[in-house]
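Please examine the fold displayed below before reading on.

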Amino acid sequence: MSAAAFALQNAAAAREKLIVALDFATIREAEALVTTLGDRVGFYKIGSELAYGGGLSYAQDLIKDGKQVFLDLKLHDIGITVSRASAKIARLGARFLTVHAYPQTMKAAKLAAAGSSLRLLGVTVLTSYDDHDLADAGYAYGVADLVARRAGQAYEAGLDGLILSAQEAGVVRARFGQDMILVTPGIRPANVEASGQKRTMTPAAAIAAGADYLVVGRPVTQARNPREAAEAIIAEIAATMS
Ligand code: C5P
């Protein structure tokens, strides 16, 4: 393969690893960003805020437009409720859905999504949490131990992947190889503020640690020029992959 063809292929592969979080209150704001980013970004995450403002029907519009959608709904309830909700979500055509990595919750979601193209990701420990926050919430484990425990339980429950910070990605990748999809939020390019995230890493470091997909919100959505910010992140990913 020529160097130019390799560079093109590498840039396309890097682009597929970026998931932009549409953390907006309204569909109008989300649409404006998607239009600004154009063909630069092909994968979007819809979380609670937008989902409660019409985001599920917007997800279907994005899918019709050829985009991939990650529904970050972080389900957690009694098994029957999780199961019924997951079955409904599986019909929307999204690629990823998050559930909290509690054994009952994961098993219920897994049963309901079986046979669909929906891939389930277990949220291990939120990236805004550190050891102190876990102790405060009543956990006896620190972040590293709780992530490891929940990763094992997610694997046993048959989940497709995990949400974790890039700081834990290396250890988890070494343990599960390519058997689990690793998706890492808390991404902060150099010179961008943490803004509430406590377990952050740069795009390059996250890819080097073994992340399959990077979730990026404010570093793109709040950038003066979101398209340039996304392109810079894709370039950083591509440079790390080459
Ligand atoms: O703006 P920022 O890049 O911090 O956004 C990160 C996104 O990833 C948010 O939508 C947040 O809900 C989500 N997320 C996270 N930590 C997790 C799971 C999801 O920050 N463990």
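Arginine 199 counts as buried because its relative accessibility is 5%, where buried means under 20% relative accessible area (1.4 Å probe, protein chains only). The model is predicted, so local features need pLDDT of at least 70 and side-chain atom pairs pLDDT 80 or more, whereas totals for chains, interfaces and linings use all residues. Residues are numbered from 1 along each chain as its sequence is written, and side-chain values use heavy atoms, without hydrogens and water.

Arginine 199 is placed in the loop between β7 (181-184) and α9 (203-208); strands (E, at least two residues) and helices (H or I, at least four) are DSSP runs numbered from the N terminus. Its side chain reaches the backbone oxygen of leucine 126 at 2.6 Å. Not counting residues up to four places away in sequence, arginine 199 touches residues including Thr127, Tyr129 and Glu168, with contact meaning heavy atoms within 4.5 Å.

In soluble globular proteins, nonpolar side chains tend to be buried together. A nonpolar core is a set of buried Ala, Val, Leu, Ile, Met, Phe, Trp, Tyr and Cys residues joined through side-chain atoms within 4.5 Å. The largest one here has 67 residues, of which Leu22, Ile46, Tyr58 and Leu71 touch the most other members. Helix α11 (residues 226-241) gives the most to this core, with 6 residues. Another core, of 12 residues, lies apart from it and includes Phe96 and Tyr213.

Leaving aside neighbours within four places in sequence, tyrosine 58 is in contact with Leu22, Ile27, Ala30, Glu31, Val34, Ile46 and Leu50.

Key: Buried means under 20% relative accessible area, exposed over 50%, partly exposed in between (1.4 Å probe, protein chains only). A polar contact is a pair of N or O atoms within 3.5 Å; within protein, one must be able to donate a hydrogen and the other to accept it, and residues adjacent in sequence count only if both atoms are side-chain atoms.
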